[in-house]
Amino acid sequence: MNEERKTLEQRATMTDIERLRHSASHVLATAILKIWPEAQFAAGPPVENGFYYDVDLPHRISPDDFEKIEAEMKKEIKANRPFERVEVSRDEALELGKKGRLAALSERSEPSKYKLDIIENIPPDETISLYRNGDFIDLCAGPHVMRTGNIGAFKLTNVASAYYKGDEKNPQLQRVYGTAFKTKKELDDYFAMIEEAKKRDHRKLGRELELFVFDDDVGPGLPMFLPRGAVIAEELEKLAKETEFGAGYQRVRTPHIARESMYKKSGHLPYYEDSMFPPMILIEGADEQRHRELYRDLLVRRGSSAFLNSEDPLHELEMSNIAELESEMRALGTKYYLKAMNCPHHHKLFAAVPRSYRDLPLRLAEYGTCYRYEQSGELFGLMRVRSLQMNDAHLYMTPEQFEAEFNAVNEMYLNYFKLFGIDKYLMRFSTHDPAKLGQKFVDEPELWKKTEEMTRNVLKNSGINYVEVPNEAAFYGPKIDVQAWSVIGREFSIATNQVDFSQPRNFDLRYKDRDNIDKIPICIHRAPLGTHERFIGFLIEHYAGNFPLWLSPEQVRILTIGDDPKLIDYARSILKELRAHQVRAEIDESSDKINGKVQRAEQMKVHTMFVIGKRDMEADAVSVRVHGKGNLGAKPRGEVVADILAAIRKRRA
Ligand SMILES: [Zn+2]
Ligand SMILES: [Zn+2]
């Protein structure tokens, strides 16, 4: 959580819903003061999905108090009071604070201590303003909605403790959370979505459906896919390979590690170092010999220093010799890093062969495995992991080819969205901040400008749904993050797309142009299916584990009614036929009752069940049951099998 005070620019870009939610936090404070007039307030900003206000109060607020507080909030909203803005001098603001009049309904015996502290931290040239609704006056830079009545629907959701300014040396406050919307319907939809999202939680379904696991001995953030989960990854990979093949990509394969020198060239070191695993040091060749010598010397010197009195000047000399030996030892060897990105390896492959303009665009693809160091507190199911398999590709092109290539990439995204039934998406076009050139972003002001302009034009002309976000680009170029909403309206960032003018230079990538002059290609990094980890996490929640047939871990389960040997033979012959066509089919020929078998298959969300009884066998038929749809009746075996194969081939929803 960002505890910093919002800048004026950030305030100016507050969205309508953020204004509404921030206004609701004033109403919350008003209500709390009606019940506990002594309450002291700190900060009350809008946050993702709601708002909070930090309050210092002897009474411990619990969810049992919410009804009472909400009733007071409702009164304040019903009164439809205007939010009035008053600008005051610093002295006036301090005076009110000392009288306890800030974030209060009236003057009080205790000063408004947090508000006084906040005033101290307002830059001297900034205007100080108050906002008033009814008797409640708060120190606030705004903005707000016009009247309390504009808050259509709200609900308090939670109370937690939080240190003032996030610092544990400061007093502990109670953070009361709520959410607010323009209408009651939006509020209801939001809570319905939260309920549904809980049921669909990919961590819960991942366990229940035996898709993936974590293990302490393997390490946090390092998911392993069980066979049922691996199937989904394989199917996605197959989809990517087919699609990319059709779009003129070529596949490559690269190792998971590389020497430090490569990441210095790419700029990942130092720009990206915090996100990489620490290096492995390999001592070999001449280094090995030197290492042995140093080690021997070190032992000798340590031994002799042990006989010296620490007062002896020789002792000090010996200690500095030892330190020198140790530092030389540490500098020996080659550092190897686990790759955090596939790009540098792919650039090396571009450079491995002389390239001419005739070879461009060159599109190198790989489902590459990368390792990223994420703080353990940030790890979350499959969404935030330390090992990831990425639907990666790097496209190298001339500037003239950029528009067509970038459009084709976007087209590929949109086709995937259609296939997965993703109706709502947004591309966040992240650009650089000129003030941070050379720190956060490579110091190439002209190239930044040119590339961002080119990218912006393509996005505009293609009519794609996008927003522009400053200061969030990758260090080597503008970036497009793709956010998608699952069917229940939950938001996921699933993919990225980057335009890179910097790495091809660092790697000295060149192609011979028509005019016989060596030129540097532009590179697009793209990963429409993101990583297996995050995309599968998304799909689990999107489909609630009810995968379409082509993605289903178990596509067909054959259930026999009874265990008559002739019936079992018939069922097995169907199994054999399905498997011969690569259908993931299983058979349940146990002697359990058919209802039990159906229930077990339903529980594992098996897509299609063939229920085989004596009558089916005699008619060379099968009775079909589809998960979530129930019985579809008996059909000729040949027809059913052909249907299944066609649905899989067409990746029918
Ligand atoms: Zn305010
Ligand atoms: Zn890349």
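Let's start with a pair of helices in this predicted model: H11, spanning residues 286-305, packs against H12, residues 313-331, at an angle of about 160 degrees, and their axes sit 10 Å apart. Since angles over 145 degrees count as roughly antiparallel, that makes H11 roughly antiparallel to H12. As for handedness, the two helices cross in a left-handed way.

So who does the touching? On the H11 side, the contact is made by His291, Leu294, Asp297, Leu298, Arg301, Arg302, Ser304 and Ser305. H12 answers with His315, Glu318, Met319, Asn321, Ile322, Leu325, Glu326, Glu328 and Met329. If you sort the residues in this H11–H12 contact by class, you get six nonpolar, five polar and six charged.

Finally, the whole chain. You'll find 21 helices and 28 strands in it, and its C-alpha atoms fill a box of roughly 90 × 80 × 70 Å along the principal axes. Of the 653 residues, 35% are buried. If you take the contacts between residues at least 6 apart in sequence, 70% of them join residues at least 24 apart.

Technical notes. Residues are numbered from 1 along each chain as its sequence is written. Chains are lettered from A and ligands numbered from 1 in the order in which they are written. This is a predicted model: local features need pLDDT of at least 70, side-chain atom pairs count only at pLDDT 80 or more; totals for chains, interfaces and linings use all residues. Helices (H or I, at least four residues) and strands (E, at least two) are DSSP runs, numbered from the N terminus. A residue is buried if 20 or more other C-beta atoms lie within 10 Å of its own, exposed if 12 or fewer, and partly exposed in between; C-beta atoms are placed from the backbone. Two residues are in contact if their C-beta atoms, placed from the backbone, lie within 7 Å. Axes are lines fitted to C-alpha atoms, for helices over the stretch in contact, and angles run from 0 to 180 degrees between N-to-C directions. Angles under 35 degrees count as roughly parallel, over 145 as roughly antiparallel, 65 to 115 as roughly perpendicular and the rest as oblique. A crossing is left-handed if the near helix is turned anticlockwise from the far one by less than a right angle, and right-handed if clockwise. Ala, Val, Leu, Ile, Met, Phe, Trp, Tyr, Cys and Pro count as nonpolar, Asp, Glu, Lys and Arg as charged, and the others, Gly among them, as polar.
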